[in-house]
Amino acid sequence: MSVLTVTTAERLRLATEACGQIRLTPCRKRILEYLASQRLPMTIEMLQGSTALGGAFDSTTIYRTLMLFVEAEIVRQFRLRHKLSFFALNTPGTRFEFLICRRCGKIQELPDVPSISNYEASICTQTGYRMLYHALELYGLCPQCQAALGTSPKANKLPVSPRSWKLEARHRLPD
Ligand SMILES: [Zn+2]
């Protein structure tokens, strides 16, 4: 099932249900609501800069809340784009398959590939494992970045992170 087929309200309902004994303080509730409305994983900075949470909670509170949810497996944490932490709701039907531009850092959901779920099912049969999950990251150059770079051979040598690319540029001595 694609994440696109599960509504925001349904995602929020499932996440709230998964909270069980966890008391839903205003901050916890707002974070769940916000993550339920997002189709892609978010960084703490993105959460803090959102209009939904905007300035209402400091980054420590947001971080602690996210860690509580990660511990309870309500939220999944990933390191994408050069080890930056991203967070997404871990509700049934959510896929963790992303296509990431190595130049501008844009993230989008990968198109649904049914062979991946077939592969998981065959691994379960072969190994006896159950409740598998996976996170898949594919890196490449988005169409806009291809257009910006043209056919420059440098395109093959780009670092994965836009941040490290900028750092590299800064450390280069002026001509
Ligand atoms: Zn790009």
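**Close-up views of a predicted model**

**View 1. The β3–β4 hairpin and its turn.** Strands β3 and β4 make a hairpin with five residues between them, and G105 in the turn has a positive phi of about 85°. This is a predicted model, so please read each view with that in mind. The two strands pair in the antiparallel sense over three bridges, with β4 covering residues 107-109. To find your way across the pair, look for L99, which stands opposite Q108 in β4.

**View 2. The other partner of β3.** Stay with β3 (residues 97-101), and you will see that this strand also pairs with β5, here in the parallel sense and over five bridges. A handy landmark is F98, which stands opposite E137 in β5.

**View 3. The β1–β2 hairpin.** Here β1 runs antiparallel to β2 (residues 84-89), and six bridges join the two. Q77 has F87 of β2 as its bridge partner. Three residues lie between the strands of this hairpin, where R81 takes a positive phi near 45°.

View 4. Is E73 buried or exposed? E73 is exposed, because 9 other C-beta atoms lie within 10 Å, and a residue counts as exposed at 12 or fewer.

**View 5. M131, on the way to β5.** M131 is not a glycine either, yet its phi is positive at about 50°. Look for this residue in the loop between α5 (114-127) and β5 (136-140). With 5 other C-beta atoms within 10 Å, M131 is exposed.

**View 6. Helix α1 and the glycine that follows.** Helix α1 spans residues 8-19, twelve residues in total, and reaches 17 Å from its first C-alpha to its last, close to the 16 Å expected at 1.5 Å a residue. An α-helix has 3.6 residues a turn, so residues three or four places apart point the same way. Just after α1 comes G20, with a positive phi of about 50°.

**View 7. Stepping back to the whole chain.** Seven helices and five strands make up the secondary structure of the protein chain. In sequence order they follow the pattern α-α-α-α-β-β-β-β-α-β-α-α. The protein chain has 175 residues, of which 16% count as buried. Among its contacts with a separation of 6 or more, 59% are between residues 24 or more positions apart.

Definitions and conventions
Residues numbered from 1 in each chain as written. Predicted model: local features only at pLDDT ≥ 70, side-chain atom pairs only at ≥ 80, totals over all residues. Helix = DSSP H or I, 4+ residues; strand = E, 2+ residues; numbered from the N terminus. Buried ≥ 20, exposed ≤ 12 C-beta atoms within 10 Å, placed from the backbone. Contact = placed C-beta atoms within 7 Å. Expected span 1.5 Å × (residues − 1). Pairing = 2+ DSSP bridges.
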